[in-house]
Amino acid sequence: MPVETKEEASYRQEGGVVHLSGRLDAEGSARLWRTIFQRSHKKRDAVKSIDASGLTYCDGAGIALLFALSRQTKASIDHLAPEFQKLLDQFSSDSFDRPVDPPRKISAIEKLGMGGAEFGRDLYDQVVFLGRMSVVSVRTFFRPSLVRWGDVWRIFEKAGVNAVGIVGMIGFLMGLIMAFQSAIPLKQFGVDIFVINLVALAMFRELGAIMTAILLAGRSGSAFAAEIGTMKVNEELNALKTMGIDDARFLVAPRMIAGIIATPLLSIYANLMGLLGGFIVMMSFGFPFAALYRQVTANVEISDILSGLIKSVVFGVLVAGIGCLRGLQTRSGATAVGDSTTRAVVSGIVLIVITDAIFAVIFYVLNF
Amino acid sequence: MSDAIIEVKDLTAGYEDNVILQGVSFEVQRSEIVVILGGSGCGKSTLLKHMIGLYHPPKGDVLINGKSIVHAEGEELQAILQSIGITYQSGALFGSLTLSENVRLPLEEFTDLPSDAMDLIAKMKLSLVGLEAFTGSLPSEVSGGMQKRAAIARAMALDPQVLFLDEPSAGLDPITSAELDQLILRLNESLGITFVIVTHELPSIYTVADRVVMLDKEIKGIAEIGSPEELRDKSQHEWIREFMKREVHPA
C-alpha cells in the first residue's frame, strides 16, 4: 500500500522496482525515509531499479534519499528528470565508501604526559616572560620616557580608581564579619576588647592584600588578558611586531606599572575599610572610639603594615603580569579569548595563594 | 641591470613540522608591484609572513635592500622593519586609538619629532588615502574600506620603501576595492613605493600588478612568474590560464 505525505511524495514497490513520485523535499523525504529503508532492507535482494519518473521536485534531502537508496540496494535510478540527475551526479559512491581514519585514541598515560608537557611549556613561557619583563624594567628604569605614561594612567584609572567601590565594600564587610564572629567567643573570656586587635592585624598583615589581589585578578587580570588576547586575534600584535615595537614595553609595562601602583593603594584602602567595619561593630557593643583607637595604635606595628604592603606590591606584579601573559598566549579561534581570560583569573589566584604561603614562611623565619 | 629590493632565496616556509612551501626563490624590483597569487591554502599569507620576518623559516633567506630579515637582530632588524610597511587582512588598527593616533604611533616610537609635527604628518598621510576628515575617528567609527586605507596610511608613516598588503580587498565592495587599486597605483607612481600584495581579486590584479608570483599547492612552490596577461594567455600550465580567466576546470 502506498505511503503518502501531505506534500504528495509517495513510494510503492512492485516486484523489483521501487516507484517514487511527487514532491521529494525535506518534509517528504523525512516521512518516507524510515519506511523505505525498512522495506528495502527486508526486500533488499528484490530491488532491481528505482523508478524516479514520477518525481516533480527533489531538493537536497530528496537527493540524499535517492543516493542512500541506490547505495544500499545497488539498484539503478531510472527516469530521473535531468535537472535532478545533475544534482545527483555531483556525488560518487566511491568517495563515500572510502574509509575515514578514525580519530586516534589517546591513552590515559599519554594524556598525563601531554598534561605534563603542557605544564612544562607554560612554566617555560612564564620564565621567558619574566626574563623579558626584567629586561624591559631595567631599560625603562634608565629611560622612563620609554613608558607610555598616558596608557599607565588610563589603565590605573580603570583597574585602580574604578575598583575603589568594590574593594571598599568587601573590605568593610570583611572587617564587620570578622568582628562579629570573633566577638562572641572572646566575650566569654571577657577579652572582647582584643577583637579590634584581631581585625586590625588580620587586615593589615594578610587579608587586605590578598583580598584586594584576588579582586584585581578577577576584575583587571581578566580584562588585561581579554584586551591583549583580542588584539592578538585581530593581528594587532603582529602589526606591533612588524613595526618593530616591543609588545612587552608597549602593552605589558604600562599594565604592570598600573598594577604595582594600584594594588598597594587599594590594599591600604581595604585595610582602613575593614578597620572601619570592626570599629562600627565594637562601638555597637559599647566600646568607646578612643579605647579602640588606642588598642589599635598600641598593638599594630609598622612591620605589620609593611608586610601587607610588600605582599600587595608583589601581588600587583603577579596579577598584571599573568593577565598580560595569558593575553599574549591567546591562540586563534572564537573561544581563544575566553580561554585566556579564564586562565588569567585561575593562574592569578593560584599564584597569589602560593606566593602568600611563601611570604608567610619567609616572614616567620625573619620574625618580621 | 637588476635593481632588486627584495630577494627571496630558496625559502622553506611553514609552521613547525608542516612545510607549506619549499625552494621558493624570486626577486622584487624597486618600484614594482608584485602580486602573490594561488589557490586557497597554497601558502600565500604564510609566504608574506616569512617575508616580513613574522615567522622564522626553517631554511632559506629573505633579503630586503640586501640585508637578511631572517638573521637580523636588534637595531639592524629595527632598521629593516622601518624600511617596510605592512597592512593586515583585518587592518589591525589599534581600536583604542583614533586614526590619527594610529598613524602617529610609529612616529612617536621611532622619531624625535615635536608633537605638532607628528600631528601634521599623520594628517598628511591620512589625506594621501582620502581620510583627512576622519583623523579623530576611532577605527570602529569608520567603514571597513576606510580602516584598510587608514592601515595603509599607518604603514606609510615612516615613508617605507616597500609596502606589504595582505588581502587588501577582502570584504570590500567592488567600488571600494577599485578605489583601493587606484590608491596603490597612485602611491606607486608618485612615491615609487614597491608593493607586495597577497590577493585573490582578479580585477585588482589586472589593474595593479606588474608581475604575478603564482604558487601551487601541489608542488609546494612557485608554478610560474609573469605579468597577469602573460599568465592568462601564454602560461605553460592550463590551470593557470584558467585561473587567470576565472574559468572552472572541466571535470
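Predicted model: local features only at pLDDT ≥ 70, side-chain atom pairs only at ≥ 80, totals over all residues.
Contact here means heavy atoms within 4.5 Å.

Let's begin with helix H8 of chain A, residues 195-233, and its meeting with helix H11 of chain A, residues 289-299. On the H8(A) side you'll find A:Ile196, A:Asn197, A:Ala200 and A:Leu201, and they touch A:Leu292, A:Gln295, A:Val296 and A:Asn299 of H11(A). Sort those residues by class and you get five nonpolar, three polar and no charged. The two axes sit 9 Å apart, at an angle of about 50°. Angles of 65 to 115 degrees would be roughly perpendicular and those under 35 roughly parallel, so H8(A) counts as oblique to H11(A). The crossing of H8(A) and H11(A) is right-handed.

H8(A) has another partner to look at, helix H12(A). Here the axes come within 7 Å and cross at roughly 15°, which means that H8(A) runs roughly parallel to H12(A). This crossing, too, is right-handed. The contact of H8(A) with H12(A) brings together 16 nonpolar, eight polar and six charged residues.

Now follow H12(A), residues 302-328, over to helix H13 of chain A, residues 336-366. Their axes come within 9 Å and cross at roughly 155°. Because anything over 145 degrees counts as roughly antiparallel, that is the label for H12(A) against H13(A). Again the handedness is right-handed. From H12(A), the residues in the contact include A:Ile310, A:Val314, A:Phe315, A:Leu318 and A:Ile322, while H13(A) supplies, among others, A:Leu351, A:Ile352, A:Phe359 and A:Phe363. By class, the contact of H12(A) with H13(A) comes to eleven nonpolar, six polar and four charged residues.

Finally, step across to chain B. The size of an interface is often given as the accessible area lost when the parts come together. For chain A and chain B that buried area is about 1,500 Å², with carbon and sulfur atoms giving 57% of it. Within chain A, the residues that lose the most area to chain B are A:Glu235, A:Thr242 and A:Met243, which together make up 39% of what that side buries.

There's charge pairing at this boundary too: four salt bridges are found across the interface of chain A and chain B. As for a pair to look up in the structure, the side chains of B:Glu109 and A:Arg249 form a salt bridge, at 2.3 Å from N to O.

Note on methods. Residues numbered from 1 in each chain as written. Chains lettered and ligands numbered in written order. Heavy atoms only, no water. Axes fitted to C-alpha atoms, helices over the stretch in contact; angles between N-to-C directions. Helix = DSSP H or I, 4+ residues; strand = E, 2+ residues; numbered from the N terminus. Left-handed = near helix turned anticlockwise from the far one by under 90°. Nonpolar A, V, L, I, M, F, W, Y, C, P; charged D, E, K, R; others polar. Buried area = accessible area lost by both parts, 1.4 Å probe.
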